[in-house]
Amino acid sequence: MIELTDIHFAWPDAPAILDGVSLSVREGEKLVLLGANGSGKSTLLKLLNGLVQPQSGAYRYGGEEVTPARLKSGEWTRRFRSEVVLLFQHPEAMLFNPTVRDEIAYGPRQLGFADAEARAERWLAALGLTPLADKAPFALSGGQKQKVALAAILSLDPRVLLLDEPVSSLDPRASGWLVDFLLDCGKTVVVSTHNLSMATELGERCLVLGEGGRPLYDGPLPEALHDRALLESANLVHRHRHRHDGDTHAYMHAHTHAHDWESSR
Amino acid sequence: MHIPDGFLSPQTYLPAYAAAGLAWAWAARGLRRTLDEETVPRLAAMTALAYGLGLVMVPIPGGTSGHALGVAMLALLFGVRLAFLAYSLVLALQSLLFGAGGITALAVNALAMGLCGSLAALLTYRLLRRMNETAAVAIAAWCSVLLPGLLVALALGAQPSIAHREDGTPLFFPFGFAITLPAVVIPHLFIGAGEAVLTVLVWRFARARKWCSA
Amino acid sequence: MVLGVKATHWLFAYLAAVVAVTLLHEPWLLAALLAVAFIASGLSRLKILRRAVLAILTFNLTLSLGYAMVAAWQGNFSAHYLLLVNLRVLLLAYLGFWFVSRVNLIEACRFSPTLSFVVTLAAGQIEAFSRALRDFRLAFVSRNAAAPPLSARARHAAAQAGHLLDKSVCMAAETALAMRSRGCFDDYSNLPPPVCGRGAGREGSPVWRPRRPDTATAYKKP
């Protein structure tokens, strides 16, 4: 469904952000992008959403190459925009409509779906946002904004969900709901995180990005989580002291569920 | 410097709205020509920035502090049109969203601070930058505070002669130029100095920064 | 809250009322209008009045005292003027706070999608900026046991301004991408309805289109 071949990307006069990324994602697959801050995860997701174009390499969606020329074709772009959606890392960037209801209905309205209002009501209810429907999105708390942004993309009923650090401002209950939803929704999901605990909840397969957007690993998630050298080179684990009943010791570890790392210690 | 509601006569603020309307059309047209899909988000971001800069407290020589104006910063970095529109929107939001008043004086405030302030900053900077860039930025910022101050003092000071009863009793702002000019302009000489220091520091930061890390 | 088209009507009614108030120069008329507004504004009238009085208190008190002294010295003091100007300013402030408490400006801007987007985005970012600046200020207080020197205050002001500048430039670029991601800059009005839905968007829905659709894919980094 998604095919990336040797993607290179850099802003003008700046070091590389993505350096030779190749990737193939099947329909319904859940892929986790792992990497430290600045490893190019967000840029890769924007590229998959057709928002930025690589300097070299090819991006194919559904067998068709995503090019600036193709993105100018109305019919194709409309299908692409409704099938591939991106949840931005900072939900504020996505909220520009007067009310929560308008925000959620915006995408379906803009793409011409006749049932835009019904979709908005459905997702308002699904995410428990109905009481906030007439409020301005910017007046909400961080977690509520994240939910509105999520509802705004889910209302398009997309096939591919691109999620940039989706649980960063959700409370535990909302995070749990999101994890369950993503596992059950049957959609293709590409989710970026540096939170290994989130990765294991979603995990089937992961792409680990190192510094400068170099791909370090692409394969089953559990294996990556047990590869200490890999996690160290991707800056995903670190060393600091721990105290247990008066005993202090230090070891390399990630902040994740105890069982994820205990077994390989 | 911000004029509250009720002190400007309709003979002043209605023509000011007409002039501001023309200036807004000029700025919006120019902006559409130079920017494309970023116009809306960029104008919104600059409006928020102009509002935020107004919340920053600038130290003024003598131990006190005042709110920054920031119009020189916006004009030097993003151009007169964007600075003017952003300032006008800030005034509208302050008045209509936060209830801070000043809707009748909006046009005069926008023309004085947003348009004349940015034009003063940009022209001064262009005139002086060959001699010394830092000094040019500082003087530009100082002028961007002083000129609007002067214009506001003139607008207020003209009220007793523009709108009064037959017996000479004022109907709106009661003081003439003899009081408004020193009362507004003298403090702005010092406020301008604080603004100049702030603008130079931010100018250096902005030059060194590449704005957006991906 | 007044919603939809009504909000726009309220906006224009408020603006017309403001102009009308500045055309009246009789204190008794302004006092009568203030009384009407006070009665009409419902249960929140006392709260609105309190806000209005507090908002104008410092400026009007200073101006009134200044006028009283100067006019007494010049021998042309007029109590009528003092009453007129204070009533007018209070009435305008009252109308302003009444408008703000009843009408959502963002709703009132629906007549122009572009204006509606700009105002919503700006209001959201203003909220975030105000929060950030509050933290900046608290952090500065917490790190300064004694009164900070002028240079430190200047550097602190510059750090705040720099932070805002940085954030707003990033936010502008990011928001443009987020808007494009949901098809904001594409014009589908000439296309047949999508397969899984029928008809175009709701009439009057806030759909903003760029002036030059051909630039829709030309992302520029600031």
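A: Happy to! The model is a predicted one. Among the contacts in chain A between residues at least 6 apart in sequence, 64% join residues that are at least 24 apart. Chain A contains 11 helices and 12 strands, and 47% of its 265 residues are buried.

Let's turn to a sheet. Four strands of chain A form an open sheet in the order β2-β1-β4-β5, and their pairing is antiparallel. The edges belong to β2 (18-25) and β5 (64-65) of chain A; each has a single partner strand, so one side of each lacks a neighbour in the sheet. Further in, β1 (residues 2-9) of chain A pairs with β4(A) in the antiparallel sense over 5 bridges. As a place to look, find H8(A), which stands opposite S56(A) in β4(A).

A helix also packs on this sheet: α1 (residues 41-48) of chain A touches β1, β2 and β4 of chain A. The direction of α1(A) makes about 125 degrees with that of β1(A).

The buried residues of α3(A) are T77(A), F80(A), R81(A) and S82(A). Their cover includes β4 (56-61), together with α2 (68-71) and β6 (84-87) of chain A.

How values were computed
Residues are numbered from 1 along each chain as its sequence is written. Chains are lettered from A and ligands numbered from 1 in the order in which they are written. This is a predicted model: local features need pLDDT of at least 70, side-chain atom pairs count only at pLDDT 80 or more; totals for chains, interfaces and linings use all residues. Helices (H or I, at least four residues) and strands (E, at least two) are DSSP runs, numbered from the N terminus. A residue is buried if 20 or more other C-beta atoms lie within 10 Å of its own, exposed if 12 or fewer, and partly exposed in between; C-beta atoms are placed from the backbone. Two residues are in contact if their C-beta atoms, placed from the backbone, lie within 7 Å. Two strands pair if DSSP finds at least two bridges between them. Axes are lines fitted to C-alpha atoms, for helices over the stretch in contact, and angles run from 0 to 180 degrees between N-to-C directions.
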